[in-house]
Amino acid sequence: MFAKKTYNGTLAEQYHLLSKQLDALCHGETDMIANYSNASALLNQFLTDINWVGFYFMKEGELVLGPFQGLPACVRIPVGRGVCGTTVANKETIVVEDVHAFPGHIACDAASKSEIVIPIIKNDEVIGVLDIDSPIEARFSSEDQVGLEKFVTVLLKYV
């Protein structure tokens, strides 16, 4: 059973604990949707000052909405379009301090002001992305990027 947890220590230590929790949640579970659903819920309770967290998966050459926490979202995103599609095209994490300044940004939630998108890469192929939005400009730090990339690495063990 899980209960809402207060995280202590440095941000790096908090992300380390978060990744350990994800590992424990996914251990022994083979269903991808269950694991991604728990991962989005875990991130939603851990991260402060966010308004959306979830996953998109590559299907038939485009990103398709997967498990998430937040308001209803865009269902399909072409590769190369918006922050998520650009992340897929570049195969690298993108941190956007001001989404309104990002060329071609797709506004699913008008309250979003910053965003981080981490590619999920298996066998050198992008299979999806982790997308997190915040109503605060410049919400995501380099420490967030490192911690979230580690989180995705743990999740990949169960995909």
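This is a predicted model: local features need pLDDT of at least 70, side-chain atom pairs count only at pLDDT 80 or more; totals for chains, interfaces and linings use all residues.
Aromatic rings to begin with. The count here is 6 aromatic pairs. One of them is Tyr36 with Phe57, in an edge-to-face arrangement, with 4.7 Å from centre to centre and 80° between the planes. Tyr36 sits in helix α2, residues 32–46, and Phe57 in strand β1, residues 52–59, so the pair links distant parts of the chain, 21 residues apart. Is Tyr36 buried or exposed? Tyr36 is buried, at 1% relative accessible area. Phe57 is buried too, at 6%. Elsewhere, ring pairs join Tyr7, Tyr15 and Phe46 into a cluster.

Now the charged side chains. The whole structure has 4 salt bridges, and I will show you three, including Asp23 with Lys157, at 3.0 Å from N to O. Asp23 belongs to helix α1 and Lys157 to the segment after α4, so this bridge ties together parts 134 residues apart in sequence. Asp23 is partly exposed at 24%, while Lys157 is exposed at 55%.

Next, Arg76 and Glu62, whose closest N and O atoms are 2.9 Å apart. Here the link runs between strand β3, which holds Arg76, and strand β2, which holds Glu62, 14 residues apart. Glu62 is partly exposed, with a relative accessible area of 22%.

Last, Lys91 and Asp124, with the closest N and O atoms 3.8 Å apart. Both are loop residues: Lys91 lies between α3 and β4, Asp124 between β5 and β6, so the bridge connects parts 33 residues apart in sequence. Lys91 is partly exposed at 39%, and Asp124 is exposed at 59%.

How values were computed
Residues are numbered from 1 along each chain as its sequence is written. Side-chain values use heavy atoms; hydrogens and water are left out. Rings of Phe, Tyr and Trp (its six-membered ring) pair if their centres lie within 6.5 Å; planes under 30 degrees apart count as stacked, over 60 as edge-to-face and the rest as tilted. Helices (H or I, at least four residues) and strands (E, at least two) are DSSP runs, numbered from the N terminus. Buried means under 20% relative accessible area, exposed over 50%, partly exposed in between (1.4 Å probe, protein chains only).
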